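Please open the model in a viewer and keep the selection panel at hand. The stops below are given in the order in which they may be selected.

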Amino acid sequence: MNLLALIASLLPALGAAATAAGGRDLRHVKFWSTAPVGAALLLTLLVAIDHGSGGASVHTYSIGTAGAFHVEIGTRVTGLSAIIAVLVAGVAVCVQVFSTTYLGGEPRYPSYAALISLFTAAMLTVVYSADLVVLLVGWEIMGACSYFLIGHYWEKPEARPASIKAFLMTKAGDVPFLFGIIALGVQAHSFQINAVLAVTGQDRLHHPAWIAFLLLCGVLGKSAQFPLHSWLPDAMAGPTPISALIHAATMVAAGIYVVALLYPVFALCQAVLIVMAIIAAITMTGAALCAFAQTDIKKILAYSTVSQLAYMLGGLAVGGRSQAIYLLLAHGAFKALLFLAAGVVIHRVGSNELSAMGGLRYRMPIAYTTMTIGLLALAGIPPFSGFFGKEAVLGAAYDATGEFAAPGKIVLIFGLITAGLTAAYSLRLWLGVFHGPFPDAPHEHEAKVEAPQAELIPLILLAVPAALLGVVVLFGTGFSNYLGGWYGEAGAAGADLWPGGLTTLLSLLFALGFGGLVFLAWRREEGADPAQALLGPVRPALVNGFYFDRLIDAAVVRPARAAARFVGFLDADVIDAYVRGSGTGARGLGTVLRRLQTGSVQFYLTCLFLGVVIMAAVYAYVGTVS
Amino acid sequence: MHAVYPLVLGALLFAIGLYGVLARRNAIAVLMAIELLLNAVTLNLVSFSAILRDRYGMGQIFTLFIITIAAAETGLGLAIVLLVYRQRATADLGEQRELAEPVEPVTADELSPRNVEAEVAR
């Protein structure tokens with residue numbers, strides 16, 4: 001089983017190499033970009049079925065000793081990693097199949113497909129890795145791949161800064177993350193995840209709060225949470241299937257996964273949990289407000305991802321580990337679906353802007369149906385998967401006791417508000433894209449402009465879990481048992497995912513209230529943007545993400561530029577001044593000596609004579625002294 | 001005779017010759033001054049030969065050599081002076097400056113970092 005997991009994480013990497021090696025032959029690229037990832041999906045399914053709820057199964061290969069550390073790399077399969085791996089591979093297959101026609105005609109499609117496969121391999125490495133160093137390797141490969149993929153359209157002026165921003169912001173979190181991993185490894189005398197968890201479980205971990213904060217920095221960067229969130233909306237400059245991959249299965253999911261993986265480290269200290277809850281509260285509400293104000297449909301979805309990830313972080317902050325992972329799965333399914341459907345719409349309409357869309361429900365029935373399912377799931381309307389995910393997190397926040405009680409209150413209050421806001425922006429997106437008048441051609445509503453089959457099949461495949469993943473909650477504590485306990489142990493009595501009565505009622509009321517406001521605003525002036533009427537003067541601030549980029553510009557970018565200029569000054573005008581000074585000095589001295597070459601023989605002779613006189617005088621003086 | 005007279009005379013001759021070589025402008029006068037220098041040296045050689053009772057007469061032999069070479073040198077020098085005079089219508093040593101090093105002042109522009117970088121790039 002561990003061997004299968006190893007092969008599953010290596011197959012997409014091999015696929016990436018084969019795709020890149022094949023040049024521009026389209027059939028070759030299509031085969032090698034989809035088949036290995038598909039095989040990896042089958043293997044991850046086998047691993048997940050085979051593993052069951054069997055605790056942590058570790059198999060490592062020793063590769064030598066480095067200093068005090070015995071280095072062993074290998075795979076570690078728990079219920080948590082098995083199920084996340086299925087999500088990763090499943091979404092990756094859908095994205096690769098979707099891309100065969102969506103980007104198939106473009107000149108840089110081979111490198112794009114290879115990078116997607118590599119991205120998948122890196123995420124599977126993170127998920128299946130038995131030790132933290134290999135996990136970090138996969139983590140960083142994902143950072144590099146996201147940089148390349150966001151900058152895929154490098155001829156677009158907004159894509160280049162977006163890719164650099166994504167890389168730098170995630171790196172800003174990765175540096176503390178690396179230190180956190182080192183601190184864990186040094187204390188456990190091993191980087192094996194099992195060893196680290198064992199040390200944590202025996203309460204032998206020193207400074208757990210510091211380590212948790214260091215790790216949290218990396219998680220905030222990767223999962224796009226509050227201070228490091230602004231790269232994700234900008235990452236929309238990349239192709240749409242990339243967004244589906246990054247937002248649903250890889251990259252942002254990696255942050256949540258790592259918190260769930262090392263959950264005992266985070267749960268040791270209440271301060272960490274409260275900080276997590278506060279960050280989650282700020283992010284989920286702020287991002288939901290921003291999503292409501294955006295006009296670019298991809299940015300609406302991007303902010304909704306930030307908001308939903310904050311939900312998961314909030315779930316983790318209140319001790320709802322299996323609830324957060326369940327929401328991660330449901331979100332992976334419906335967000336991949338939403339992005340792919342948005343890609344279909346954008347290709348047919350030719351614009352990202354909400355104002356260029358409308359009335360598409362007759363023209364693209366399949367995109368309409370699937371996106372409706374995705375949006376219902378996102379808004380948390382029963383019985384779709386997102387409803388159960390959201391209710392599970394809110395229920396965990398409501399039921400939180402002991403050290404989780406204080407974060408629970410924060411998450412519960414902001415979670416309810418965000419539930420309403422989520423319903424509001426989902427409804428606005430749905431109305432804006434599929435209803436109302438079509439802006440350009442009002443009489444052509446009946447003509448269908450459906451996408452090719454290779455794009456529609458992934459939509460339908462993803463719509464099934466997006467709609468039906470809620471059946472998992474029927475198994476009571478089954479899902480939590482499958483995931484395993486905090487330390488990877490089997491069969492720990494886990495949480496029930498069944499929605500709580502009061503929180504469900506409240507969140508549905510919030511959703512109905514906010515959604516109703518949007519609907520009324522839309523009805524009053526059909527075709528107009530409800531955000532304009534409801535937000536009024538604060539809208540520009542929300543469209544620009546609370547001007548957070550300006551804050552970063554003032555706090556980080558400008559000081560960094562000033563420091564760079566100072567270093568440039570030191571180099572060009574201080575260090576180089578010595579180099580230039582030696583040249584200037586030599587030339588100046590040469591100029592002085594040149595003046596002695598007058599051409600007058602008598603002058604030369606006079607100098608010669610004076611020299612002889614001086615030498616004689618010195619000789620005579622020295623002679624008398626000694 | 002006391003040894004100081006010929007030596008003082010030699011020193012005086014040398015001083016006059018040195019003045020002539022270094023200060024006179026006329027090439028003929030300079031040649032004559034060189035003769036004075038040589039003669040000062042020969043006077044010294046003869047004097048010391050006598051003072052030190054030189055058994056083999058080396059000083060006197062050297063003197064004979066110097067007189068011979070001085071004659072040749074004067075002939076050669078006069079020929080050069082003649083040629084210079086024919087070519088330039090002057091024998092003034094102050095104006096014979098062809099071998100001087102031309103002095104162009106180094107400009108600040110040439111030393112500015114931008115030009116230095118441009119040179120490096122080239």
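**Stop 1: a helix pair in chain A**

Select helix α14 (residues 297–317) and helix α15 (residues 321–349) of chain A, which pack at an angle of about 175° with their axes 9 Å apart. Because angles over 145 degrees count as roughly antiparallel, α14(A) is roughly antiparallel to α15(A). Axes are lines fitted to C-alpha atoms, for helices over the stretch in contact, and angles run from 0 to 180 degrees between N-to-C directions. Helices are DSSP runs (H or I, at least four residues), numbered from the N terminus.

This is a predicted model, in which local features need pLDDT of at least 70, side-chain atom pairs count only at pLDDT 80 or more, and totals for chains, interfaces and linings use all residues. Residues are numbered from 1 along each chain as its sequence is written, and chains are lettered from A in the order in which they are written.

Next, show the contact residues, among them A:L301, A:T305 and A:Y311 of α14(A) and A:L327, A:H331 and A:F339 of α15(A). Contact requires C-beta atoms, placed from the backbone, within 7 Å. The residues of this contact divide into 11 nonpolar, five polar and three charged (nonpolar: Ala, Val, Leu, Ile, Met, Phe, Trp, Tyr, Cys and Pro; charged: Asp, Glu, Lys and Arg; polar: the others, Gly among them).

**Stop 2: chain B against chain A**

Select the 16 residues of chain B that are in contact with 18 residues of chain A. On the chain B side, α1 (4–23) and α4 (113–121) each supply at least two residues; α1(B) gives the most, with three. That side comprises 12 nonpolar, one polar and three charged residues.

Conventions. Two residues are in contact if their C-beta atoms, placed from the backbone, lie within 7 Å. Angles under 35 degrees count as roughly parallel, over 145 as roughly antiparallel, 65 to 115 as roughly perpendicular and the rest as oblique.
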